[in-house]
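Please look over the sequence and the structure shown here before reading the briefing that follows. The notes are grouped by topic.

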Amino acid sequence: MALPPTPVPRVTTERLVLRELRLQDFEAYAAFMADPVATRFLTQTADRRVAWRGFAALSGQWLLNGAGWWGVEVAATGEMVGTVGAFFRETEIGKGSDAVLEVGWTVYPAHQRRGYATEAARAALAHGFAHHDVKRAIAYVGTENVASSKVALAIGMTHDGETEFWDEPVIRYARSRTP
C-alpha cells in the first residue's frame, strides 16, 4: 500500500530520522503502551484500543495545527525506536506567539541509553522554534524520571517549577527562544 501524502516534515540528525508515524509502527507503539514498566512515567498503560486512539491522535495533530509527533527511526536500519513531539496542547490554540510549545519523547526499552531521546528531542525542539512563532517551550517530566530530566537539561531546558499533570506530580522544564 502506498503511503498517503502527509504534511509531517522530515527532520534528520546524525543518526535519526524524525518522520511521520506509519500504520506499520503501531504494533511497536501498542506493545510499548501496554508495558507497565516502560510506561511507568506516563499517565497509564493502555490496551490496544486506547493505544490506537493515542497513536491516531499523535498523528492527527499535524493536520490540525502544523505541529505534532514524529516516529523516531534509526537512519542506518530503518527501525522505529520511539516517538518525539513538538506540539501544542488544546489550551494553546489561538494564542499566537503567546502559545507555549511542548516537547515530549519516548524511547522503547530495547533502544534506551543510546542517546536517542536527547538527539530526537533536541531536533524536535529546534524544529519547533524554527517553524513556530513562540517565545517558550516546556516539557513535563515525572518527578522520579531521572533519565528524562537529564534529556530536558541536555537540550537546554531549565527547571521551571513543579506541578501536577493528570493528577501526578511532575517537574516542568522550560526554555526560551534564543535570538
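Contact, as the word is used in this briefing, means heavy atoms within 4.5 Å, and helices (H or I, at least four residues) and strands (E, at least two) are DSSP runs, numbered from the N terminus. This is a predicted model, in which local features need pLDDT of at least 70 and side-chain atom pairs count only at pLDDT 80 or more, while totals for chains, interfaces and linings use all residues. Residues are numbered from 1 along each chain as its sequence is written, and side-chain values use heavy atoms, with hydrogens and water left out.

**Helices α1 and α2**

- F26, E27, Y29, A30 and M33 in α1 meet R48, A51, W52, G54, F55 and L58 in α2, and by class this contact has 8 nonpolar, 1 polar and 2 charged residues (Ala, Val, Leu, Ile, Met, Phe, Trp, Tyr, Cys and Pro count as nonpolar, Asp, Glu, Lys and Arg as charged, and the others, Gly among them, as polar).
- Helix α1 (residues 26-34) packs on helix α2 (residues 48-65) at an angle of about 120°, and their axes are 9 Å apart; axes are lines fitted to C-alpha atoms, for helices over the stretch in contact, and angles run from 0 to 180 degrees between N-to-C directions.
- The two helices α1 and α2 are therefore oblique to each other, given that angles under 35 degrees count as roughly parallel, over 145 as roughly antiparallel, 65 to 115 as roughly perpendicular and the rest as oblique.

**The sheet**

- Strand β6 (residues 136-142) pairs with strand β8 (residues 168-176) in the antiparallel sense over 7 bridges, and I138 stands opposite A174 in β8.
- Strands β7 and β8 run antiparallel and are joined by 6 bridges, with H159 opposite Y173 in β8.
- The hairpin of β7 and β8 has 2 residues between the strands, and W166 in this hairpin takes a positive phi near 55°.

**Individual residues**

- A124 is found in helix α3 and is buried, with a relative accessible area of 0% (buried means under 20% relative accessible area, exposed over 50%, and partly exposed in between, with a 1.4 Å probe and protein chains only).
- Not counting residues up to four places away in sequence, A124 touches L18, W70, V84, G85 and A86; A124 and G85 are 39 residues apart in sequence but 6.3 Å apart in space, C-alpha to C-alpha.
- E73 lies in strand β3 and is buried at a relative accessible area of 11%, and its contacts, leaving aside neighbours within four places in sequence, are R15, L16, V17, R19, R22, G78, E79 and M80.
- S149, in helix α4 (residues 146-154), counts as buried at 11% relative accessibility and touches V141, I171 and Y173, residues up to four places away in sequence not being counted.
- R113, in the loop between β5 and α3, counts as exposed at 80% relative accessibility, and its phi is near 65°, a positive value in a residue other than glycine.

Definitions and conventions
Pairing = 2+ DSSP bridges.
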